[in-house]
Amino acid sequence: MSVALASRRARGLDATGGLRAVSLGALLVGALLVSVVMGVGIGSVPIPTSTVLEVIAQRFGLGGDVSLLDDQIVWQLRMPRVLGAAATGAALALVGVVLQSLTRNDLADPYLLGISGGAAVGAVSVLVLGVSVGGLLATTMLTLGSFLGALGALVAVLVLATGRAGDLPPARTVLAGVAIGQVCAAYTSFVTIMSGDQDAARRVLAWTMGSLAGLRWDSAILLIVVAVVASVAVLAFTSDLDAFAFGESAASSLAVSVNRTRWILLTGTALVTASLVAYTGAIGFVGLVVPHVVRLLVGPSHRRLLPLSALVGAILLVWADTAARSIIDGQEIPIGVVTAVLGAPVFAVLLRRERSR
Amino acid sequence: MMRISRPLATLASFSLLTALTACAGAPSEEKASSPTDGYPVEVTTCGFTSTLDARPTRAITMNQGATEVALALGVEDQLAGTGYIDDAVPAKWKEAYDSVPVLSEQYPDHETVINAKPDFVYGSYISAYDDEAAGSQEQLEKLGIASMTSLFGCGDGDAKPEGGTTFETVWDEVDLVAKAFGVPERADAIRTAQEETLAGLKAEKPGAGIDVFWYDSGDRTPYVGTGEGGPQLILDAVGATNVFADIPHGWTDVAWEKVIAADPDVIVLADASWSTAKEKIAHLKNDPVLSKMRAVKADAFVALPFSETTPGVRLADGAVNVGGQLEKLSR
């Protein structure tokens with residue numbers, strides 16, 4: 001089947017598929033809003049939904065009479081965390097979609113290019129070795145350290161993978177990512193075991209599995225900005241991504257400037273991932289599985305795949321984070337554990353249904 | 001930085017004095033006795049029994065807690081080496097500590113241990129006998145090396161000792177170690193001194209009516225002192241209320257919102273090399289939400305070395321320390 005035919009067929013399906021996607025989208029937006037309100041209501045200190053709504057109303061200047069304690073917990077502690085989770089989930093899912101298309105690799109996820117490994121190098125340097133600059137707080141240092149580590153790994157991967165002609169072949173990029181990731185993992189294990197105190201291994205492991213604990217408004221707003229910018233930016237590339245999904249020659253035959261687009265998207269997604277990982281640690285599964293799930297539901301067209309994946313990712317992470325902080329009273333479970341436990345069965349069911357079709 | 005009220009100070013110096021005289025006076029009398037007098041001695045901890053046939057002269061202590069019990073008993077001349085100190089031993093034992101070789105920053109490995117030709121090995125945690133550390137107790141026994149673990153270190157962090165986490169168990173361990181080293185009367189001196197210290201605190205109740213949040217470490221989620229560990233023993237000793245007393249275990253993670261809802265009067269901070277009191281105060285004061293807590297606004301902080309907060313021979317010092325600082329705050 002020729003590419004032109006395939007894309008015409010995809011467009012032909014748009015009439016019915018489009019309607020389905022739009023209604024699914026509306027449903028997901030509603031689900032996201034409900035999830036946010038419910039997520040804010042759940043936690044160690046029980047707060048009824050009516051109080052949550054009252055706090056939100058009061059914050060938007062609509063009156064209301066809530067106690068300072070409720071306001072502190074709902075608006076200052078939980079709301080930024082829940083919104084931060086939504087933003088992170090949306091961005092991770094988007095990055096996953098882009099990378100899977102760009103590398104034509106079903107296993108591609110946001111941490112493909114050694115980014116989580118690089119971020120871990122930075123995080124461990126701060127957590128275990130206590131690297132610090134001036135009067136910066138330990139938490140700020142951790143964010144900065146992981147961001148710089150992620151950037152370092154990205155630069156190393158790009159240097160390794162770029163050809164003489166400035167091209168960036170996907171296979172070589174992925175392999176370079178694996179190599180850099182391994183080097184980073186070796187450093188992380190070495191430092192943790194050799195100079196870690198008894199608590200260090202626990203903290204490093206917790207960081208590796210991701211957490212949104214302690215997310216306040218300043219960080220949450222930054223994550224939301226990253227997610228919004230990423231969403232708007234990738235929408236400009238939907239047709240390019242469709243073309244990439246069919247292969248490089250198809251892309252170039254459709255007049256996509258293959259090299260330039262690939263550079264922009266690879267570095268762009270890597271920067272997004274680096275910013276996310278700096279605040280939340282590496283949260284697995286979302287970026288890998290959400291794109292597949294949504295593709296099974298609405299097909300491969302990126303015009304639908306991107307926004308719907310972002311919504312599904314946001315909802316998944318809001319609930320995963322709510323579970324992470326409330327399943328065991330007072331204690332935090334790493335969110336990566338929850339995303340895997342929540343996401344894997346859903347994925348398995350969808351795969352089975354797909355197979356039996 | 002720390003000022004202790006007069007009665008407390010007298011109490012503290014008195015207990016220190018008794019401990020010191022007990023340590024300084026004893027050895028000359030013992031030297032006369034034969035090294036096998038009173039032996040064999042059997043020590044059973046964490047389900048493992050070792051038999052010492054003679055007074056150990058080349059013992060190894062691992063972890064800060066075990067090392068400090070040995071130093072408190074004044075048996076440094078019977079030590080061949082120490083390993084794995086968390087921060088620093090207190091000034092009163094520094095000279096004694098420095099007189100013993102440090103075998104390793106962390107756990108000495110099996111070969112290092114054997115190379116030191118020990119006759120007795122004493123570790124705070126069961127992990128001291130991992131294959132990567134000193135090697136299993138059975139393995140050591142085959143080489144004729146006796147060994148024991150702290151009564152508080154049988155499992156991972158949360159495993160409770162048989163007698164419960166109490167001062168009584170601390171003293172039982174000191175008794176056991178003193179027996180192993182052949183200096184049982186020094187354990188009695190420590191027990192008596194600490195009992196007097198605690199009785200003094202109980203009479204004075206410097207923490208009466210004060211709600212305390214015990215902040216051990218962590219920033220995104222605080223790791224707090226709960227109902228069954230060293231922190232609780234200290235707070236009980238000074239008569240203060242732990243806001244998380246009803247949570248089991250010695251320490252656990254708790255959500256910040258619970259801390260805010262508890263609205264404590266005073267925050268006690270463990271000062272550890274990996275999480276200093278200064279860092280924790282900076283975190284509390286810089287966080288937009290936590291900085292609004294009453295205790296943070298009022299600078300109602302109490303700081304003490306982490307090694308005074310784990311169940312062990314320095315826990316009573318920790319109680320005196322906290323008591324003195326609470327008294328100063330409430331003035």
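Predicted model: local features only at pLDDT ≥ 70, side-chain atom pairs only at ≥ 80, totals over all residues.
1. **Fold of chain A.** Chain A is built from 15 helices and has zero strands. Its radius of gyration is 21 Å, close to the 21 Å that the globule rule gives for 357 residues, so chain A is as compact as a globular protein of that length. Along the principal axes, the C-alpha atoms fill a box of roughly 65 × 50 × 40 Å.

2. **Packing within chain A.** Of the 357 residues, 47% count as buried. Take the contacts in chain A with a separation of 6 or more: 76% of them come from residues 24 or more positions apart.

3. **Helix α10 of chain A.** This helix covers residues 238-245. Six of its eight residues are buried, so the helix is largely enclosed by the rest of the structure. The buried residues are A:Asp240, A:Leu241, A:Asp242, A:Ala243, A:Phe244 and A:Ala245. After the helix comes A:Gly247, with a positive phi near 120 degrees.

4. **Contact with chain B.** Here 22 residues of chain A are in contact with 22 residues of chain B. Two helices of chain A, α4 (68-103) and α6 (138-161), each supply at least two residues of the side that touches chain B. α4(A) gives the most, with five residues.

5. **Make-up of that side.** Which classes of residue form the side of chain A that touches chain B? It has eight nonpolar, nine polar and five charged residues.

Conventions:
Residues numbered from 1 in each chain as written. Chains lettered and ligands numbered in written order. Buried ≥ 20, exposed ≤ 12 C-beta atoms within 10 Å, placed from the backbone. Helix = DSSP H or I, 4+ residues; strand = E, 2+ residues; numbered from the N terminus. Rg over C-alpha atoms; globule rule 2.2 N^0.38 Å. Contact = placed C-beta atoms within 7 Å. Nonpolar A, V, L, I, M, F, W, Y, C, P; charged D, E, K, R; others polar.
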